[in-house]
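Hi everyone, thanks for making time.

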Amino acid sequence: MKIPTRIAFSFLFFIILCKSNFLAKAQNRTISVNVGVILDFDTWTGKMGLSCINMALADFYGSNSHYKTRLLLSSRDSKSDVVEAAAAGKSP
């Protein structure tokens, strides 16, 4: 009767070890959130705006590294046209 008890205990210990390893890996995951940025890249305000957004994100995540959510910027050029900017927001 000792052999089945050893096997059951070993199996239970293996399950607990695997579960704790899985939870440790799950806690280190980051969640990516896609964010669209539509600016006019022909003007200096558009270029400066994108640069400021990127610097702000880098600064934020540099001082708050414990945050698991990360913003991924997808930038598009509006080409100095409001209608083009609205259409860029709808396209993948």
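One definition before we start: buried means under 20% relative accessible area, exposed means over 50%, and partly exposed is in between, using a 1.4 Å probe and protein chains only. At 53% relative accessibility, isoleucine 31 therefore counts as exposed.

A word on where this comes from. It's a predicted model, so local features need pLDDT of at least 70 and side-chain atom pairs count only at pLDDT 80 or more, while totals for chains, interfaces and linings use all residues. Residues are numbered from 1 along each chain as its sequence is written, and side-chain values use heavy atoms, with hydrogens and water left out.

Okay, the overall layout. The protein has 3 helices and 2 strands, where helices (H or I, at least four residues) and strands (E, at least two) are DSSP runs numbered from the N terminus. Along the sequence, the pattern reads α-β-α-β-α. Of the 92 residues, 11% count as buried. If you take contacts between residues at least 6 apart in sequence, 64% of them join residues at least 24 apart; contact here means heavy atoms within 4.5 Å.

Back to isoleucine 31, which sits in strand 1, residues 31-39. Together with Val33 and Leu71, Ile31 forms a nonpolar patch on the surface, with about 230 Å² of accessible area between them. Patches take residues with over 30% relative accessible area and no salt bridge, joining like charges within 9 Å and nonpolar side chains (Val, Leu, Ile, Met, Phe, Trp, Tyr) within 5 Å. A salt bridge is a side-chain nitrogen of Lys or Arg within 4 Å of a carboxyl oxygen of Asp or Glu. Areas come from the Shrake-Rupley method with a 1.4 Å probe, and for residues only the protein chains shown count as cover.

Now the aromatics. Rings of Phe, Tyr and Trp (its six-membered ring) pair if their centres lie within 6.5 Å; planes under 30 degrees apart are stacked, over 60 edge-to-face, the rest tilted. That gives 2 aromatic pairs. Phenylalanine 60 and tyrosine 61 have ring centres 5.2 Å apart and planes at 70°, so they're edge-to-face. Phenylalanine 60 also pairs edge-to-face with tyrosine 67, at 5.2 Å centre to centre and 85° between the planes.

So is tyrosine 61 buried or exposed? Tyrosine 61 counts as buried, because its relative accessibility is 16%. Phenylalanine 60, at 33%, is partly exposed.
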